[in-house]
Amino acid sequence: MVKLLVGHKGTGKTKQIIELANNKIENSKGSVIFINKNSRLMYDLKYRIRVVCMEDYEHVTNSDEYIGFLYGIISSDHDIETIFIDSILKHADFSLGDVPEFLDRLEDISKNYGMDFVVSLSAEQEEMIGVDFSKFEILN
């Protein structure tokens, strides 16, 4: 399942996604991945969470490459339970127009590999034209 945290900058999404990830690892038998733009949050997350900093992968420049990058992560660890993606619009060259297809592709990956995604987006639901919110759980 794909779960979303939506709202403009400054509404507490990052704090909430960190709390969700830290709580998830406490009850998880598998791996938890946290993807962030940089390493700024590394020390806020529990040590068992695998933190991926997108600044280390500057050649991932669009949503297709990002999906390929996710497949690479998934192929290296078959025990992933949840992938947290903080502020997706700050990664690569994402725009609001990329969001509907990207979320649909995450939903397909979630179903095919039996894992969850939690994604934070700095935008309101009304701004995300083309997103079928009935397919996703809104966490805030």
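Visitor: Where does Ser 87 lie?

Guide: Ser 87 sits in the loop between β4 and α3. Helices (H or I, at least four residues) and strands (E, at least two) are DSSP runs, numbered from the N terminus. This is a predicted model, where local features need pLDDT of at least 70, side-chain atom pairs count only at pLDDT 80 or more, and totals for chains, interfaces and linings use all residues. Residues are numbered from 1 along each chain as its sequence is written, and side-chain values use heavy atoms, with hydrogens and water left out.

Visitor: Is Ser 87 buried or exposed?

Guide: Ser 87 counts as buried, at 9% relative accessibility. Buried means under 20% relative accessible area, exposed over 50%, and partly exposed in between (1.4 Å probe, protein chains only).

Visitor: And what is its phi?

Guide: Phi of Ser 87 is near 55 degrees, a positive value in a residue other than glycine. Most residues other than glycine have a negative phi.

Visitor: Switching to aromatics. How many pairs are there in the whole structure?

Guide: A search of the whole structure gives seven aromatic pairs. In one of them, the ring centres of Tyr 57 and Phe 69 are 4.8 Å apart and the planes stand at 55 degrees, so the pair is tilted. Rings of Phe, Tyr and Trp (its six-membered ring) pair if their centres lie within 6.5 Å; planes under 30 degrees apart count as stacked, over 60 as edge-to-face and the rest as tilted.

Visitor: Which parts of the chain does that pair tie together?

Guide: Tyr 57 is in the loop between β3 and α2 (63–76) and Phe 69 is in helix α2, so the pair ties together parts that are twelve residues apart in sequence. Tyr 57 is partly exposed, with a relative accessible area of 34%, whereas Phe 69 is buried at 15%.

Visitor: What about Tyr 66 and Phe 102, how are their rings placed?

Guide: The ring centres of Tyr 66 and Phe 102 are 5.7 Å apart with the planes at 70 degrees, so that pair is edge-to-face. The pair links distant parts of the chain, with Tyr 66 in helix α2 and Phe 102 in helix α3 (residues 99–113), 36 residues apart. Tyr 66 and Phe 102 are both buried.

Visitor: Which residues form the aromatic cluster?

Guide: One aromatic cluster is formed by Tyr 57, Tyr 66, Phe 69, Phe 94 and Phe 102.

Visitor: OK, charges. How many salt bridges does the count come to?

Guide: The count comes to five salt bridges. The rule is a side-chain nitrogen of Lys or Arg within 4 Å of a carboxyl oxygen of Asp or Glu.

Visitor: Which residue does Glu 81 pair with?

Guide: Glu 81 forms a salt bridge with Lys 24, and the closest N and O atoms are 3.7 Å apart. Glu 81 lies in strand β4 (residues 80–85) and Lys 24 in helix α1 (residues 13–26), so this pair ties together parts that are 57 residues apart in sequence. Glu 81 is partly exposed at 24% relative accessibility, and Lys 24 is partly exposed at 28%.

Visitor: And Lys 46, what does it bridge to?

Guide: Lys 46 forms a salt bridge with Glu 26, the closest N and O atoms being 2.8 Å apart. Lys 46 is in the loop between β2 and β3 and Glu 26 is in helix α1, so the pair ties together parts that are 20 residues apart in sequence. Relative accessibility is 34% for Lys 46, which counts as partly exposed; Glu 26 is partly exposed too, at 49%.

Visitor: Which residues are linked in a network of salt bridges?

Guide: Asp 64, Glu 101 and Arg 105 are linked in such a network. Within it, the side chains of Arg 105 and Glu 101 meet at 3.8 Å, N to O. Arg 105 and Glu 101 both lie in helix α3, four residues apart, about one turn of the helix. Arg 105 is partly exposed at 26% relative accessible area, and Glu 101 is partly exposed at 48%.

Visitor: Last topic: how far apart in space are Val 60 and Ile 109?

Guide: Val 60 and Ile 109 are 19 Å apart in space, C-alpha to C-alpha, and 49 residues apart in sequence. Val 60 lies in the loop between β3 and α2 and is buried, with a relative accessible area of 13%.
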